[in-house]
Amino acid sequence: MLNLKIASVTVLLCLSSGGAWAQEQIINAYGRDSQSLNGEWHAIIDPYERGRWDMWKNRKPQNNNEFREYSFDEGLTLNVPGDFNSQLPELKYYEGTVWYGRYFDIPEPKPGEKLLLYFAGVANVADVYLNAEPIGHHEGGFTPFQFDITDKVKGRDNFIAVAVNNNRRPDAIPAMNFDWWNYGGITRDVFVIRVPEEHIADYYIRLDKEDPELIHADVALSTPSEGETVTLTIPELKISRKLITDSNGKASTSVKAKKLVRWDIDNPKLYNVTLTTDRDTVSEEIGFRNIRTRGTEVLLNDRPVFLCGVSFHEEIPQRKGRAFSDADAAMLLNEAKDLGVNFIRLAHYPQNEHTVRMAEKMGFMLWEEIPIWQGIDFANDSTQAKARRMMSEMVNRDKNRAALAIWGIANETRPSEARNAFLAMMKETAQAIDDTKLISAAFDNSNWNKDSKCWEITNDAALDLVDVVGINKYVGWYDNWRVDPSEMSWNVKREKPLVFTEFGGEAQYGRHGNGDAKWSWSEDYQAELYRKNLRMFENVPNLAGVSPWILFDFRSPTRFSPLQGLEFNRKGLTSDRGERKEAWYIMRDYYSTKNKNR
Ligand code: GCU
């Protein structure tokens, strides 16, 4: 019984604070020299948290008087990357700890080299062990983290163990209740990055907020080494600029780029950018564009653009699992492209880099957010610290992406002193790293003013924090047509651009009839709902875009009706089997009329 008692104490320590927090993540991880650890991992399902005691030591009996209650060998295996819920029927609803373990060989680091163990994402809490040593802890299922394992690896038979926990918690982000599947697991790529001890750790290269030909570059070395030369080259722009680092190992420059072709939705131009020191070289494709607002317009490269949007979750509905690869990204993004979309709100959390980078190459503007989704304990210091770190991890990962147009700071939160302070902190955190993107939030606290026949948001200070107002409103679904759509309008921050970040209703693909009944879940009802919303949007004076909820039907444990496809939210324009509903065609035709004169 003693073991059990000690184990439970150890569990509390690991699950609450754990070992060292992950260190700042390296920029452009996928562009580095690396060895993949993707593939089949051993796994042990540990609902009673017994493994925290010593499972990560992966010990074997040393003599006839010993035994082990566990073994990673010969047992269950799980594919990495990938959620565990969709890999085994018995894990469909599982919330708890799953231990992952695998052996790997790796060429030992040469003198002056570093090895960084990089996780692109683990849902939601990871405690990582290497060769029977705890090496770190990370919380947050949608942002990358890394650990320096230079002094912890050997050439052969390394054993890595990861305790992955997806229990929902009141102080977590998201918290206890959310309308998507609580997928757990090592859901994204894992690899070991090999870099020189002094390497190019971070850079931020972007076009000036207003000047169409002025590129700014900030570079940071991994060590505070002064007087180092970093060469920035953009061959196609005939740019080659030498920067000299300061006592912090950092350097900045601004350089005019004549004849620069700006990244745009109809010409997603990317340039090959390389940074070199005498020890390290790193390259990637970067786009340069200006995005800002002017009155009620969003300007992309100084020209008004109407945001023809859609959202999707990071999920492949046909597989009923998390998306994680280029092929998955292509499936989701091609469906958006066919719809005529130029803007994607990646709901409700930072999605994997395959999706973000492919979206940029395809010419989509993006909205990214961390899952500040209802029920967040804004007054809780621990929650605030987690939000600050997650926001920083997201913005640091994607700050060089020209496709990123908007950092979202919240989804459907209620005004309060704590919430307003929290959102201000989120905005400040994002802009401290990257102030070239717009800031928005999705508000669902509008009220009907029957005299003016307008929806309004009265008395919400957070509206002053955003550049673009996001509105979630389900007229015809969660709310009714109190007047004819042609008479209904919106009076929210009319001096700012307003985007409907969510609207829509549910339908089972193939179900027809009862077009006037919500309970029908018919395509007819959904289509009519879309026609009415589009009619209402004509009355919104500061309308700058729309983004229906949602592209695909998606899984949610909060949807209980067998008649409507049990455990699926059916607001998709496309079914979970890729079938396009009538409303899909209504939105495709609507988008085809936009940005004609751009
Ligand atoms: C909310 C929420 C979505 C949710 C949607 C719905 O607006 O932001 O995440 O799925 O409502 O109820 O379908």
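Trp448, Trp455, Trp490, Phe500, Phe503, Tyr530 and Phe537 form one aromatic cluster. The model is predicted. A search of the whole structure finds 30 aromatic pairs.

**Two aromatic pairs**

A pair of aromatic rings is described by the distance of the centres and the angle of the planes. How far apart are the ring centres of Tyr103 and Phe159? They are 4.8 Å apart, and the planes meet at 55°, so this pair is tilted. Tyr103 belongs to strand β4 (residues 97-104) and Phe159 to strand β9 (residues 158-165), so the pair ties together parts that are 56 residues apart in sequence. Is Tyr103 buried, partly exposed or exposed? Its relative accessibility is 30%, so Tyr103 counts as partly exposed. Phe159 has 6% and counts as buried, because buried means under 20%.

Trp549 and Phe554 make another aromatic pair. This one is edge-to-face, with 5.8 Å from centre to centre and 85° between the planes. Trp549 is buried at 4% relative accessibility. Phe554 is buried too, with a relative accessible area of 2%.

**Charges over rings**

Lysines also meet rings here. The charged end of Lys337 sits over the ring of Phe364, 4.5 Å from the ring centre. Lys571 lies over the face of Tyr474, at 5.6 Å from the ring centre.

**The nonpolar cores**

The largest nonpolar core has 106 residues. Which members touch the most others? They are Met365, Ile372, Phe500, Val546 and Met587. Helix α6 (residues 523-537) gives this core its largest share, seven residues. A second, separate core has 31 residues, including Leu88, Val128, Ile135 and Val153.

**Around the ligand**

How many residues surround the ligand? There are 14, and the closest are Asp179, His348, Glu412, Tyr478 and Glu502.

| Residue | Distance to an oxygen atom of the ligand |
|---|---|
| Glu412 | 2.4 Å |
| Tyr478 | 2.6 Å |
| Arg559 | 3.0 Å |

For Arg559, the distance runs from an N or O atom in the side chain.

**Backbone details in loops**

Some backbone features sit in loops. The peptide bond from Val80 to Pro81 is cis, with omega near 0°. Pro81 is in the loop between β3 (77-80) and β4. Another cis bond runs from Ile173 to Pro174, again with omega near 0°. Where is Pro174 found? Its place is the loop between β9 and β10 (190-196).

Phi of Asn459 is near 65°, a positive value in a residue other than glycine. Asn459 is in the loop between β29 (454-456) and β30 (468-472). With a relative accessible area of 74%, Asn459 is exposed. Asn514 has a positive phi as well, near 50°. Asn514 lies in the loop between β32 (498-502) and α6. With a relative accessible area of 43%, Asn514 is partly exposed.

Technical notes. Residues numbered from 1 in each chain as written. Predicted model: local features only at pLDDT ≥ 70, side-chain atom pairs only at ≥ 80, totals over all residues. Heavy atoms only, no water. Core = buried A, V, L, I, M, F, W, Y, C linked by side-chain atoms within 4.5 Å. Buried < 20%, exposed > 50% of the residue type's maximum accessible area, 1.4 Å probe, protein only. Helix = DSSP H or I, 4+ residues; strand = E, 2+ residues; numbered from the N terminus. Phe/Tyr/Trp six-rings, centres within 6.5 Å; stacked < 30°, edge-to-face > 60°. Lys NZ or Arg CZ within 6 Å of the ring centre and 35° of its normal. Near = heavy atom within 4 Å. Polar contact = N/O pair within 3.5 Å; in protein donor to acceptor, adjacent residues only side chain to side chain.
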